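Please read them with the structure open.

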Amino acid sequence: MQIPPEAANVTRRDFLRKGALTGAGLMLAPSILRAHESRSADALNVAVIGCGVQGGILLDTMLKMPGLRIQAICDIWETAQEKAKEKLSKAGREGEARYYTDFEELLDREKDRGLDVAIIASPDFWHAPQTVACLKAGVHVYCEKMMSNTVEGARSMVRAMRDTGKLLQIGHQRRSNPRYQHAINQLIKSARVPGRITAVRAQWNHSSSAGGPHWPRGTEIPADTLKRYGYPSMRHFRAWRAYRDYSGGAVSDLGAHQMDIFNWVLGVRPTTLTALGGIDYFKDREHYDNVIAVYEYPTPEGMVRALYQVISSTSAGGGGFEMFMGDEGTIIISETPRLTKAYREARAPSWDQWVTQGYLSQRAVKPAMAGGGADERVDIRETMALDEFGIPVVLDRPIYQPHLENFFDAIRGKATLNFDGARALESEGIIFPINAAVAEQKAHRFTPADFEA
Amino acid sequence: MPAETSVFRFRHEAMATVFEVRIRGEDSERDYFAQAAREVFQEVDRLETLLSRFHEGSDVFRINRLVQGEQIRVSFECHECLKMAIKVKEATGGAFDPAVGGVMMAVRGEGEEGTIAGCGETVSRAFDAFAQGSLVVDATEAGVVCTVPGLRLDFGGIGKGYALDQAVPILRRWKIEDALLIAGGSSARGLGRSGWEADLAGDHFRQTVQLRERATGGSGIGVQGNHIVDPRRKVLESRHRRAWALADTATLADALSTAAMTMSAQEILEALPRLEASFGQHCAVVMESWENGSPFQWIASKVDKDHPLGT
């Protein structure tokens with residue numbers, strides 16, 4: 001049902017009441033949304049620095065969140081600026097943002113226009129200088145992980161956060177994901193559902209595509225601009241994840257998310273890292289495309305060995321997940337709901353209480369117990385399946401939204417950051433030594449310096 | 001010597017099916033085309049995170065969980081699909097309705113609605129359970145308000161076509177003008193004036209159409225069996241074995257082919273001018289059925305130069 005133009009003067013409340021009475025399925029109506037909060041006086045003013053794929057996703061998410069005004073967009077590639085402009089235009093917010101190539105110029109011009117926040121999603125090697133500059137300009141920062149391509153860069157960010165008193169959230173979005181929070185804080189730590197954890201395994205195998213020019217013809221950035229921002233060529237800019245000067249490669253791009261979960265669950269620093277890897281497939285890249293890293297975590301309950309694997313030439317293994325293996329069960333957590341599961345060991349006590357209390361949901365119907373019944377008789381059927389359980393927590397927003405919400409709530413004084421710069425350095429400290437450990441074929445012994453600013 | 005040309009094919013799994021980009025061009029450009037296709041597939045994946053009812057946190061996932069009076073902002077893309085769906089619903093007299101997604105899943109025994117799987121002919125029970133809600137879509141701003149909870153939106157009837165349409169500006173940005181976009185073997189959109197042949201293949205006939213800046217979408221019961229829910233009669237029944245629609249955009253072709261499955265030839269004939277007025281696109285429908293003793297019928301609102309049968 002479409003409301004005719006003459007009905008446009010029907011008040012919002014009247015229309016919604018009428019809609020509720022008719023129960024007419026899908027309907028179109030004029031101006032039924034409450035006023036857009038981006039125009040309110042207390043909206044936060046946001047700059048997005050680095051508006052490629054990830055910056056675009058964060059922008060998409062923020063355009064659906066209330067109370068934010070996109071004040072500025074910065075990217076050295078005009079094509080990225082145009083895409084951002086198109087997103088704002090499609091959202092009916094044309095003219096809301098000013099566009100910049102240079103982040104320092106953005107800060108100079110926008111900091112006195114009430115800029116509150118910078119969302120930094122540029123290549124890793126720009127994170128530290130941009131974050132430090134924004135914090136020093138009095139702007140709160142949400143910066144994508146990895147914090148930096150070097151541990152020195154990450155340390156400088158933490159020091160700037162402390163010196164300025166401004167907020168710095170690092171984009172480990174799993175920290176604000178309600179399913180991860182439930183699985184780790186409730187299932188593993190509080191209820192101790194998997195029992196004593198002895199081993200951890202995580203992976204993110206992905207079949208990435210080879211080489212190529214990576215940009216539409218005619219959209220090249222001028223050579224002097226590329227050079228000013230550290231890129232010898234357009235390929236270096238577009239394929240920055242392939243180069244050692246700009247990033248840590250797949251093991252840090254993807255592993256940063258997942259190895260952070262090792263630290264979150266186990267709650268202690270690892271003592272030792274052993275890693276193997278190589279450029280086995282993509283010969284035109286500088287980073288390892290096949291890495292296996294093993295950490296030793298001496299937890300109060302005993303040693304836990306944690307294995308991380310990332311292969312760039314195959315998606316084998318079913319996507320990205322983190323698996324915590326205990327003597328009473330296994331919890332598998334993932335940003336992909338279908339991969340999130342829990343399995344009970346046959347010797348473990350019943351998990352019925354956790355199902356009843358809503359900690360777990362039972363997925364598979366338990367078959368009749370083989371060997372059940374009276375002592376003198378045995379019930380023989382097909383092989384008994386392990387009990388399989390689900391984790392009944394749903395993320396009802398876009399995947400990055402809870403972490404962004406936590407950041408904006410913290411600025412408004414309604415929350416504390418779920419993952420500030422200091423905690424992120426503590427976590428990412430286990431990742432920075434991986435590439436050197438592979439290259440030197442030598443175990444890395446962690447010291448406090450790996451984790452502190 | 002003229003450069004060698006070929007048709008390059010790139011495939012990608014998304015939206016529970018396979019997307020394919022075919023590009024006609026010089027052999028030396030293969031890597032360039034591969035990168036353009038890669039950007040198309042990234043966009044398809046992004047759209048899936050917005051439009052799939054199964055993707056946790058997608059706009060549709062959130063809409064289907066709204067409580068009474070709740071308002072949310074959605075993506076421009078979801079808003080566009082909602083507005084488009086409402087227009088097609090109006091023009092087809094309700095034969096197209098993405099709000100019956102939950103009903104379709106329930107009668108198939110899939111998804112969360114599997115709790116009433118096996119209800120067989122009691123489709124009306126599924127309507128009672130999964131098609132009672134009411135959702136108001138803001139005509140200008142990208143947002144919705146739930147007035148009655150319980151609606152289960154599903155863009156399965158237009159999502160793939162919409163993704164193909166969104167790929168077109170990407171290919172144009174890559175300066176690729178001669179390409180064919182395909183989703184799941186049931187939706188296709190051709191770019192360029194040289195044209196791409198599409199075979200509308202039924203059990204008893206095969207008709208070739210030229211896709212020159214045109215799209216086609218197909219629906220049918222030949223592969224999945226009788227899974228078509230008629231939103232108007234509230235029954236699990238289609239009037240035709242297959243239906244194909246032609247339009248300028250794959251979104252409209254997809255929606256129209258879905259609607260046509262439960263519409264009579266006369267109803268389609270009456271709906272086409274309304275669709276043309278609403279979307280500014282010339283549409284046509286081909287059906288494989290048994291109505292009027294003919295194995296297939298071709299209905300268009302005016303002479304279709306891409307088809308020898310005309311109206």
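1. Two strands count as paired if DSSP finds at least two bridges between them. Helices (H or I, at least four residues) and strands (E, at least two) are DSSP runs, numbered from the N terminus. With those terms, chain A holds an open sheet of ten strands with mixed pairing, in the order 15-16-14-13-12-8-11-10-9-17. Its edges are strand 15 (361-362) and strand 17 (444-445) of chain A; each has a single partner strand, so one side of each is left without a neighbour in the sheet.

2. Some ground rules. This is a predicted model, in which local features need pLDDT of at least 70 and side-chain atom pairs count only at pLDDT 80 or more, while totals for chains, interfaces and linings use all residues. Residues are numbered from 1 along each chain as its sequence is written, and chains are lettered from A and ligands numbered from 1 in the order in which they are written.

3. Chain A overall. Its secondary structure comes to 15 helices and 17 strands. Of its 453 residues, 44% count as buried (20 or more other C-beta atoms within 10 Å of the residue's own, with C-beta atoms placed from the backbone). Two residues are in contact if their C-beta atoms, placed from the backbone, lie within 7 Å. Among contacts in chain A between residues at least 6 apart in sequence, 70% join residues at least 24 apart.

4. Strand 14 (residues 341-344) and strand 16 (residues 388-390) of chain A pair in the antiparallel sense, over two bridges. Ala342(A) stands opposite Phe389(A) there.

5. Angles run from 0 to 180 degrees between N-to-C directions, and axes are lines fitted to C-alpha atoms, for helices over the stretch in contact. Helix 7 (residues 178-190) of chain A lies across strand 12 (320-326) and strand 13 (329-333) of chain A, at about 160° to strand 13.

6. Six strands form it, open, in the order 4-3-2-5-6-7. Strand 4 (98-100) and strand 7 (168-170) of chain A are the edge strands, each pairing on one side only. Neighbouring strands are turned by 20° against each other on average, direction ignored.

7. One of the partner pairs is Val117(A) with His140(A). Helix 2 (residues 53-63) of chain A lies across strand 2 (44-49), strand 3 (68-74) and strand 5 of chain A, and runs at about 160° to strand 2.

8. Which strand of chain B does strand 1 (residues 25-29) of chain A join? The partner is strand 4 of chain B; the two run parallel, with five bridges. Gly25(A) faces Ser134(B), and Met27(A) faces Val136(B). Strand 1 of chain A is mostly covered, with four of its five residues buried.

9. The contact between the chains takes 38 residues from chain A and 40 residues from chain B. On the chain B side, at least two residues each come from helix 1 (30-51), strand 3 (71-73), helix 3 (76-91), strand 4 (134-138) and strand 5 (143-148). Helix 3 of chain B gives the largest share, seven residues. By class, this side has 17 nonpolar, nine polar and 14 charged residues. Here Ala, Val, Leu, Ile, Met, Phe, Trp, Tyr, Cys and Pro count as nonpolar, Asp, Glu, Lys and Arg as charged, and the others, Gly among them, as polar.

10. Helix packing in chain B. Helix 6 (residues 159-173) and helix 7 (residues 250-260) of chain B pack at about 165°, axes 7 Å apart. They are therefore roughly antiparallel (angles over 145 degrees). Residues that meet include Lys160(B) and Tyr162(B) in helix 6 of chain B, and Ala250(B) and Asp254(B) in helix 7 of chain B. That contact divides into four nonpolar, two polar and three charged residues.

11. Helix 1 and helix 6 of chain B pack at about 140°, with axes 9 Å apart. Their contact has nine nonpolar, two polar and two charged residues.

Definitions and conventions:
Parallel < 35°, antiparallel > 145°, perpendicular 65-115°, else oblique. Buried ≥ 20, exposed ≤ 12 C-beta atoms within 10 Å, placed from the backbone.
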